[in-house]
Amino acid sequence: MAYAITISLASRRLQLSHSGRVVMTCPVGIGKKGTPTPTGNFRIVNIMPHPGGPYGAIWMGLNRPTYGIHGTDNPASIGGMVSKGCIRLHNSDVVAIARVIPIGTPVTITAH
């Protein structure tokens, strides 16, 4: 019954799992060379709809301040190394994820 998010920086893909089974996979944009996305184990600490600015439909903050998973007002950026370290998703993908995960959902970001 537990959700988990795994993000591969190498493949630029996010996987949402429920009870160990992958239920959704989607492309992501990641940090630029000078502002890379951090790797490690994190948790979702807040979910904010319509955060304004370039963050698209939803902001899901990580327990590493200033980093999060969010939508974008620039869908062409998905798949690229474009952010200041955050994970960008298509708005439809981030909305679908935010509808089902609770605060505290584990997030693993790997380099491979």
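Analyst: Radius of gyration first: it's taken over C-alpha atoms, and the globule rule is 2.2 Å times the number of residues to the power 0.38. Quick caveats: this is a predicted model, where local features need pLDDT of at least 70, side-chain atom pairs count only at pLDDT 80 or more, and totals for chains, interfaces and linings use all residues. Residues are numbered from 1 along each chain as its sequence is written, and side-chain values use heavy atoms, leaving out hydrogens and water.

User: What makes the protein agree with a compact globule?

Analyst: For 112 residues the rule gives a radius near 13 Å, and the protein has 12 Å, so the two agree. Its C-alpha atoms fill a box of roughly 35 × 30 × 25 Å along the principal axes.

User: Why is Thr110 called buried?

Analyst: Because its relative accessible area is 18%, and buried means under 20% (exposed is over 50%, partly exposed lies in between; 1.4 Å probe, protein chains only). Thr110 sits in strand β10, residues 106-110, strands being DSSP runs of E of at least two residues and helices runs of H or I of at least four, numbered from the N terminus. Leaving aside residues up to four places away in sequence, Thr110 touches Ile7, Ser8, Leu9 and Thr39, where a contact is heavy atoms within 4.5 Å. Its side chain also reaches the backbone oxygen of His112 at 3.1 Å.

User: How do you know which residues of α1 are on the same side?

Analyst: In α1 (residues 91-100), the buried ones are Asp93, Val94, Ile97 and Ala98. They cover an arc of only 125 degrees around the axis, so they share a side of α1; the arc uses directions from the helix axis to the C-beta atoms. On the other side, Ser92 and Arg99 are exposed. The cover over the buried residues includes β1, β2, β3, β5, β6 and β7.

User: Why is the pair Tyr55 and Trp59 called edge-to-face?

Analyst: The planes are 75 degrees apart and the centres 5.4 Å. The structure holds one aromatic pair. Within it, Tyr55 is partly exposed at 34% relative accessible area, while Trp59 counts as buried at 14%.

User: How many helices and strands does the protein have?

Analyst: One helix and 10 strands, running β-β-β-β-β-β-β-β-β-α-β from the N terminus.

Conventions
Polar contact = N/O pair within 3.5 Å; in protein donor to acceptor, adjacent residues only side chain to side chain. Phe/Tyr/Trp six-rings, centres within 6.5 Å; stacked < 30°, edge-to-face > 60°.
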